[in-house]
Amino acid sequence: MEFHATTICAVRRGPDDICIGGDGQVTMGETAIMKNGAKKVRKIFRGQVLAGFAGSVADAFTLTEKFEAKLEENAGNLKKAAVDLAQLWRSDRGMRNLEALMIVMDRDSMLVISGNGEVIEPDAPFVAIGSGGNYAYAAANGLYNHTDMTAEEIVRESLKIASSICVYTNDHISVEKL
């Protein structure tokens, strides 16, 4: 059975206004909602890094743990840890089949990490991934560029908009801020 989920949105409005959020829905197959209040964003590495994941929940937990270990190995260097994780993810036989995307961010960088070895630093100070990622991204783009809303307000409203369009996204939103 295939699990679908989720939508994650991250926004940076300056060095002290950094937020990531995600919806809480976990869907099994095309018709069954298995959970409404899953938490798919968290603070890691002594509260200095925000991480959010979309995809298989078990795979995402594995990747988050491995990413945190890479942060420890690299003294908190987000970019180096992300590249190391992407290389491991792509090359390790056991990890190669993990299905998830991650957004990680600290005070200096925001990155999207994928299983095919990509580490992408978005051009914009906002990014979104997952089933409703395109909807949340479009909303964040409009809100960021045409309002004075805070990062958290943009994240919450973007996810709310995505939840009104995407059947795999709900409005049980959790956020983490730096």
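Biologist: At what angle do helix α1 and helix α2 pack?
Modeller: This is a predicted model. Helix α1 covers residues 57-73 and helix α2 covers residues 78-91, and their axes lie 8 Å apart. The two helices are oblique to each other, and the angle at which they pack is about 130°.

Biologist: Is the crossing of α1 and α2 left-handed or right-handed?
Modeller: The contact involves residues of both helices: among them are Leu-63, Phe-67 and Leu-71 of α1, and Leu-78, Leu-85 and Trp-89 of α2. For these two helices, the crossing is right-handed.

Biologist: Which strands stand at the edges of the open sheet of five strands?
Modeller: The order of that sheet is β6-β7-β8-β9-β10, with antiparallel pairing. An edge strand has a single partner, so one side of it is left without a neighbour in the sheet. The strands in that position are β6 and β10 (119-120).

Biologist: What angle does the direction of α1 make with that of β7?
Modeller: Helix α1 packs on the five-stranded sheet, where it touches β6, β7, β8 and β9 (110-114). Helix α2 lies across β7, β8, β9 and β10, running at about 5° to β9. For α1 and β7, the angle is about 150°.

Biologist: How many residues of β7 are buried?
Modeller: Strand β7 pairs with β6 in the antiparallel sense over four bridges, and six bridges join β7 to β8 (residues 100-105), again antiparallel. Strand β7 is mostly covered. Of its seven residues, the number buried is six.

Biologist: In the hairpin of β6 and β7, what is the phi of Phe-45?
Modeller: The hairpin has four residues between the strands. Most residues other than glycine have a negative phi. Phe-45, however, takes a positive phi, near 50°.

Biologist: Is Arg-46 buried or exposed?
Modeller: Arg-46 is found in the loop between β6 (41-44) and β7 (49-55), and its phi is positive, near 60°. Its relative accessibility is 61%. Exposed means over 50% relative accessible area, so Arg-46 counts as exposed.

Biologist: What is the relative accessible area of Ala-75?
Modeller: Ala-75 lies in the loop between α1 and α2. Its phi is positive, about 50°, although Ala-75 is not a glycine. The residue is exposed, with a relative accessible area of 71%.

Biologist: What order do the strands have in the open sheet of four strands?
Modeller: The edge strands are β11 (126-130) and β12 (174-177), each of which pairs on one side only. The twist averages 15° from one strand to the next. With antiparallel pairing, the order is β11-β2-β3-β12.

Biologist: Which residue of β11 does Val-11 stand opposite?
Modeller: Strand β2 (residues 7-12) and β11 run antiparallel and are joined by five bridges. Within β11, the residue opposite Val-11 is Phe-126.

Biologist: At what angle does helix α4 run to β2?
Modeller: Helix α3 (residues 133-146) packs on the sheet by touching β2 and β11, and its direction makes about 165° with that of β11. Helix α4 (residues 151-163) lies across β2, β3 (18-22) and β12. Relative to β2, α4 runs at about 155°.

Biologist: Is Gln-25 buried or exposed?
Modeller: Gln-25 has its place in the loop between β3 and β4 (26-28). Its relative accessible area is 4%, and buried means under 20%. Gln-25 is therefore buried.

Biologist: What distance separates the C-alpha atoms of Gln-25 and Lys-66?
Modeller: Gln-25 and Lys-66 are 41 residues apart along the chain. Their C-alpha atoms are separated by 24 Å.

Methods. Residues are numbered from 1 along each chain as its sequence is written. This is a predicted model: local features need pLDDT of at least 70, side-chain atom pairs count only at pLDDT 80 or more; totals for chains, interfaces and linings use all residues. Side-chain values use heavy atoms; hydrogens and water are left out. Axes are lines fitted to C-alpha atoms, for helices over the stretch in contact, and angles run from 0 to 180 degrees between N-to-C directions. Angles under 35 degrees count as roughly parallel, over 145 as roughly antiparallel, 65 to 115 as roughly perpendicular and the rest as oblique. A crossing is left-handed if the near helix is turned anticlockwise from the far one by less than a right angle, and right-handed if clockwise. Contact means heavy atoms within 4.5 Å. Two strands pair if DSSP finds at least two bridges between them. Buried means under 20% relative accessible area, exposed over 50%, partly exposed in between (1.4 Å probe, protein chains only).
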